[in-house]
Amino acid sequence: SALTRAATQPRPGIVVAVALALATSACSGALTATPALPDPESAPTPEGPSADAFQFPDVTGTPLELTEVDSASPAREIVDAWSLEEQVASLFMVHVPDATRSFHSGVYTEYPVAGFLLLGDNITGDVEQSRDFVSSLRTLGDPELLIAVDQEGGAVERLSPDEFPAASELGEGSPDDTLTVTQERNGLVYEVGANVNLGVVADVSPGDDAYIHERSYGTDPSLVTDHVEAALNGSIQGVAVTVKHFPGHGITTDDTHETVATSDLAFDEWRELHGAPFRVATDQQVPLLMFGHLVIKSVDSEPASLSSAWVDLVRDEWGYEGVIVTDDLSMLEDSGDERYADHTQNTVRALQAGADLIIDSGGLTLGQTEERLEQAISAVLAAVNDGSLAPERVTESATRLVELRLSLGGVARPLEDAQSG
């Protein structure tokens, strides 16, 4: 395959880039020590959030304007040394079944993805028992890969022991408690050897009958905003936090694992009821912002995960510079909506809209994972070749993702890394 390369093959710029990441890391101390947690008293207080009014343009037939990415950065030097095929592969985060390193290593050698999503079948014990395996995945690549878990707490958690309150319980108390608990949960992610927590739910619940209710801080936009801000201040070195599910799962009571949720909300209503928690996240430049499979017809007939209009809002109006990641695209297939039955076209449309990172957990076996990845990468390359996706769009997202990988790669890890890498 044209995508095949040795995982450890050196590339121009990599030594300089990693050295820079190491030099700028603020983490120090013994390798077995847990990361230092920020002092709540000294945490910066951002300006009060407000989801500003925004006139969405008519985006039909309008090419997406590329966001500025530093063309002279270490990350860009790394990406420029890659082939187009390697750049495209680096835009994917996939789930590989089972806790078998050779499975993941084989996928990465053939398709050098950005990283892996770990689900229940990848975590076979507690944090201590799982650390060697998880850490070994992160160090498959250079720069280190993004290894993500959903550690929200409550109904959605991959790591144990996590006996801390869920978001719905935290929302009934002080934001200070949310900050402390989020630090502890991010500490679990760090200790197991992962470096991305898909864990901050910024959705304002519409009520206790909603699918998202138990995962949300509450039904009041101001309260949810306060707790999301506290959760962001609970970030720690070496773990990139993700805020989800933009533009807000609270627009529906439905489960988007089963349907594409649609709302008739006017944009002003959305801004008032659901926008502010996400605005505080973009104001703080949260490392990753997850776009959900949610349709607000007054903005776009497409789900936000495939919508350039929503990307325009967070990039151009809100000034967000971090990674835009899709919710698991396999959920669109599972919705039963024929418009989204082809996972390869969903991938192309998400990238055309401005997404940086594609999550896909649709492969139920190793073979299915590899097949889906091959098909999706081929579809993206075809879109570049036929002119429907600019190669600069691919390079922009690849660079943004390498910047994130470099920012996480210089952080000291538990001693087990040296034994498992």
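Which unit do β4, helix α8 (residues 221-233) and β5 make? In this predicted model, the three form a right-handed β-α-β unit, and that's a handy place to start looking around.

Take strand β4 (residues 196-201) to begin with. 6 of its 6 residues are buried, that is, under 20% relative accessible area, so the strand is largely enclosed by the rest of the structure. β4 pairs with two strands that we can go through in turn. Strand β3 (residues 146-149) runs parallel to β4, and 2 bridges join them; valine 149 has asparagine 197 in β4 as its bridge partner. Strand β5 (residues 240-246) also pairs with β4 in the parallel sense, over 4 bridges. Here you'll find valine 196 opposite alanine 240 in β5.

Now for the helices. α8 packs against helix α7 (residues 175-192) at an angle of about 35°, with the axes 7 Å apart, and the crossing is right-handed. On the α7 side, the residues in contact are Pro175, Thr178, Leu179, Thr182 and Gln183, and they meet Asp226, His227, Ala230, Ala231 and Asn233 in α8.

Finally, have a look at the nonpolar packing. The largest nonpolar core has 112 residues, and Phe92, Phe116, Val243, Phe246, Trp270, Phe291 and Trp310 have the most contacts inside it. Helix α13 (residues 366-385) supplies the largest share of this core, with 8 residues. If you zoom in on phenylalanine 246, leaving aside residues up to four places away in sequence, its contacts include Trp270, Phe278, Phe291, Trp310 and Trp318. Also among them are Leu289, Met290, Gly292, Leu294, Ala304, Leu313 and Val314.

Key:
Residues numbered from 1 in each chain as written. Predicted model: local features only at pLDDT ≥ 70, side-chain atom pairs only at ≥ 80, totals over all residues. Heavy atoms only, no water. Buried < 20%, exposed > 50% of the residue type's maximum accessible area, 1.4 Å probe, protein only. Pairing = 2+ DSSP bridges. Right-handed = clockwise from strand over helix to strand, strands pointing away. Core = buried A, V, L, I, M, F, W, Y, C linked by side-chain atoms within 4.5 Å. Contact = heavy atoms within 4.5 Å. Axes fitted to C-alpha atoms, helices over the stretch in contact; angles between N-to-C directions. Left-handed = near helix turned anticlockwise from the far one by under 90°.
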